[in-house]
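Please keep the view open while I talk.

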Amino acid sequence: MSTTPESVPDGAAAKRGAFSSRGVFIFAAIGSAVGLGNIWRFPYVAYENGGGAFVIPYIVALLTAGIPFLFLDYAMGHRFRGSAPLSFARLRRGTEGLGWWQVGICFMIAIYYAAVMAWAVRYTIFSVTKAWGDDPEGFFFGDFLKAGDPGVSTTPVWGVLIPLLLVWVAIVAVLLLGVQKGVGASSAIFIPILVVAFGILVVRSLFLPGAAEGLDALFTPNWGALTDPTVWAAAYGQIFFSLSIGFGIMITYSSYVHKHTDMPGSGLVVGFANSGFELLAGIGVFAALGFMAQANGVAVGDVATSGIGLAFVAFPAIISEAPAGALIGVLFFFSLVIAGFTSMVSIVEVVISAVRDKFEMTRTRATIAVTIPMALVSLVFFSTTSGIYVLDIVDHFINQFGILLVAVISMLVLSWGLRVLPTFSDHLSDGSSIVVGAWWRILVSIVAPIGLVLVLGLSFWEDVKTPYEGYPTWMLAVFGWGVAGAVIVFGFLAAQAKWRDPETLSEVHFNKKGAQS
Amino acid sequence: MSGSAIVMMLVAMLIIWGGLAVAIVNLRRSPDLPHADEIQRDL
């Protein structure tokens, strides 16, 4: 007899939607994992934390925490065939709140992630004429965002509002199409396009004068970094934030995969593809930064940066100075749009899937019920002159004290509280090309939590010690700690709501068996 | 580029891109079961 219980009635896949094949699932999972962070976060993190020597903690983190955690998410969703709240509720009724906490996090991320995509859409067009002139920084914060002092303003910025509205229309359209035709097909089309577009960008960057100096700065190893705990924390943090793990996405996606699919084998492809794209991004970004440093007669370290500063300040400067700069600009910002879009779809799908499961809604109704309020909140907060400050604070706190915190807690609850790992490893190994045995249980229950607690602890200490980026205390209290705390409260309140069809919870007969094993 | 930088770049490419190639080869050896008869409605 199979060790995998026939846990779901055959009608469930038909009712909830499903990916048509393993390949589509893998594209969707890569589409989710490869996002803005791969392009604008990894290169600088690697450069800052030992350069070439960072390869070692990075690979260690991928193999000891990233991929094992990916497998844990897969096991949850694939075994319990539900959105994050439904999967947790089917595992043990009392843990449903963890699933809704993850849903709340996805809601918060989606509303500001859309704004960054709207900026990238505008910048794809700006690249053609190099609209920022000779002052990219002043243009971005002043002319484009019209950013005032930190605070909350209701003055709309039409140049952001309109593309933001278009981004939401596109997201809603894809999600209305459903799991296979929307979520799956969009990634299956966009990810190959992304690889080609970014590949051309990398090749172009490598032929710029100074590119070799850029790569030299990125890859020259600083072996001393390996004894620094903050470097290891940076590696675990990068892997964790890059892989889309721990906040419901992979649980949701794997619930749409056929029961007999080789999940661990698929997960290895997803994990290495995500890192493979990061490495490509590192090469492309630092080749371009090397050019910029040489053009300005400064060291690469003086121009190296990450995040919004890299994309919307440093890159425009490179685009202005480089030969065929407009091509570099269009490819770079187009890549950001595509990478962001497939990730954004996955984030919103977590919320839609949860609402569908809980309230027995059709896809169309759930999509409308979820995305319209989301789009409105997004437009209200992020298309005004104060958008960038709110975005920066929410992003920082929801990552550290949302995603990372819920991931660590759910990992500990599953491995030590409910002790379900033996059953999960049987489920994952059944019919798989990889035996997910004791090594996995040790990594998920001991090694990965230690790595992630280290990241969380350092980050918490840093935020308590010094106010993040020097923002006013009230803003940090409301949009930082407040938002991170509110999603926890929301999660456990939402779990109290009744399931429209209580039978939904009993479709998987795992609780008793899981508790005994 | 310095020798050590080139070596570390090649090491990173070998492990990460090589790892991806190995993962794909491994997955292709276990066939994806076609279930064409199954309905994938998404109501």
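Let me begin with the naming of elements: helices (H or I, at least four residues) and strands (E, at least two) are DSSP runs, numbered from the N terminus. What we are looking at is a predicted model, in which local features need pLDDT of at least 70 and side-chain atom pairs count only at pLDDT 80 or more, while totals for chains, interfaces and linings use all residues. Residues are numbered from 1 along each chain as its sequence is written, chains are lettered from A and ligands numbered from 1 in the order in which they are written, and side-chain values use heavy atoms, with hydrogens and water left out.

I will take the loops of chain A to start with. A:Glu469 lies in the loop that joins helix H21 (438-465) to helix H22 (473-494) of chain A, and its phi is positive, about 55°, although the residue is not a glycine. As background, most residues other than glycine have a negative phi. With a relative accessibility of 58%, A:Glu469 counts as exposed, where exposed means over 50% relative accessible area, buried under 20%, and partly exposed in between, using a 1.4 Å probe and protein chains only. A:Lys130, in the loop between H7 and helix H8 (136-144) of chain A, also has a positive phi, near 55°, and at a relative accessible area of 28% it is partly exposed. Helix H20 itself covers residues 421-429 of chain A, and its buried residues are A:Leu421, A:Thr423, A:Phe424, A:Ser425, A:His427 and A:Leu428.

Now to the packing of helices. Helix H5 (residues 55-80) and helix H19 (residues 387-417), both of chain A, have axes that come within 12 Å and cross at roughly 65°; axes are lines fitted to C-alpha atoms, for helices over the stretch in contact, and angles run from 0 to 180 degrees between N-to-C directions. H5(A) and H19(A) are therefore roughly perpendicular to each other, on a scale where angles under 35 degrees count as roughly parallel, over 145 as roughly antiparallel, 65 to 115 as roughly perpendicular and the rest as oblique. The crossing of H5(A) past H19(A) is left-handed, a term used if the near helix is turned anticlockwise from the far one by less than a right angle, with right-handed used if clockwise.

Which residues in H5(A) and H19(A) meet? From H5(A) they are A:Phe69, A:Leu72 and A:Met76, and from H19(A) they are A:Ala407, A:Met411 and A:Leu414, where contact means heavy atoms within 4.5 Å. By class, this contact of H5(A) with H19(A) holds 6 nonpolar, no polar and no charged residues; Ala, Val, Leu, Ile, Met, Phe, Trp, Tyr, Cys and Pro count as nonpolar, Asp, Glu, Lys and Arg as charged, and the others, Gly among them, as polar.

The second pair is helix H2 (residues 22-33) and helix H14 (residues 263-296) of chain A, which pack at an angle of about 35° with their axes 9 Å apart, and here H2(A) passes H14(A) in a right-handed crossing. Among the residues that meet are A:Phe25 and A:Ile30 in H2(A), and A:Met263 and A:Val270 in H14(A). The contact of H2(A) with H14(A) has 9 nonpolar, 2 polar and 1 charged residues.

A:Ser254, in helix H13 (residues 249-254) of chain A, is buried at a relative accessible area of 0%, and its contacts beyond four places in sequence include A:Phe25 and A:Met263. Its C-alpha atom is separated by 9.2 Å from that of A:Phe19, 235 residues apart along the chain.

A:Ser383, in the loop between helix H18 (363-382) and H19 of chain A, is buried at 1% relative accessible area. A:Ala118 is buried, with a relative accessible area of 1%.
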